[in-house]
Amino acid sequence: MQAVDWDQVRVFLAVMRARSLAGAAARLGMDVSTVSRRLDRLEDELSVTLFDRTRDGTLPTANAEQMLPHAEEIELG
């Protein structure tokens, strides 16, 4: 995984765990629009789609599943 900003990793992990932008926003104390923008930025920087955003929630793609262990490593420091 290329180097990414910790705040973006934190947003990624929150979305993975909450499975929704609203749930991630609540966990992070942010607006949903802020979470969405940061997630968009991360996807742009990595040139991958990490989540499929649907009415039923935010579903991780295979790329997100591959990134998860690396993001958790970063979280543990």
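Figure 1. Leaving aside neighbours within four places in sequence, Asp52 is in contact with Gly57, Thr58, Leu59 and Thr61, where contact means heavy atoms within 4.5 Å. Asp52 is found in strand β1, which covers residues 51–54; helices (H or I, at least four residues) and strands (E, at least two) are DSSP runs, numbered from the N terminus. With a relative accessible area of 41%, Asp52 is partly exposed, on a scale in which buried means under 20% relative accessible area, exposed over 50%, and partly exposed in between (1.4 Å probe, protein chains only). Asp52 and Ala3 lie 49 residues apart along the chain, and their C-alpha atoms are separated by 23 Å. This is a predicted model, in which local features need pLDDT of at least 70 and side-chain atom pairs count only at pLDDT 80 or more, while totals for chains, interfaces and linings use all residues. Residues are numbered from 1 along each chain as its sequence is written, and side-chain values use heavy atoms, with hydrogens and water left out.

**Figure 2. The packing of helix α1 against helix α2.** Two packed helices are described by the angle between their axes and the distance between the axes. Helix α1 (residues 6–18) and helix α2 (residues 21–28) pack at an angle of about 125°, with their axes 8 Å apart; axes are lines fitted to C-alpha atoms, for helices over the stretch in contact, and angles run from 0 to 180 degrees between N-to-C directions. The two helices α1 and α2 are therefore oblique to each other, since angles under 35 degrees count as roughly parallel, over 145 as roughly antiparallel, 65 to 115 as roughly perpendicular and the rest as oblique. On the α1 side the contact is made by Arg10, Val11, Ala14, Val15, Arg17 and Ala18, and on the α2 side by Leu21, Gly23, Ala24, Arg27 and Leu28. Sorted by type, the residues of this contact of α1 with α2 comprise seven nonpolar, one polar and three charged, where Ala, Val, Leu, Ile, Met, Phe, Trp, Tyr, Cys and Pro count as nonpolar, Asp, Glu, Lys and Arg as charged, and the others, Gly among them, as polar.

**Figure 3. The packing of helix α2 against helix α3.** The axes of α2 and α3 come within 8 Å and cross at roughly 105°, and α2 and α3 are therefore roughly perpendicular to each other. From α2, the residues Leu21, Ala22, Ala24, Ala25 and Leu28 make the contact, together with Val32, Val35, Ser36 and Leu39 from α3. The residues of the contact of α2 with α3 divide into eight nonpolar, one polar and no charged.

**Figure 4. Two loop residues with positive phi.** Arg19 lies in the loop between α1 and α2, and its phi is near 60°, a positive value in a residue other than glycine. At 37% relative accessibility, Arg19 counts as partly exposed. Ser47 is found in the loop between α3 (32–46) and β1, and the phi of Ser47 is near 55°, a positive value in a residue other than glycine. At 65% relative accessibility, Ser47 counts as exposed.

**Figure 5. The setting of these views in the protein.** The protein holds four helices and two strands, and read along the sequence they follow the pattern α-α-α-β-β-α. Buried residues make up 39% of the 77 residues in the protein.
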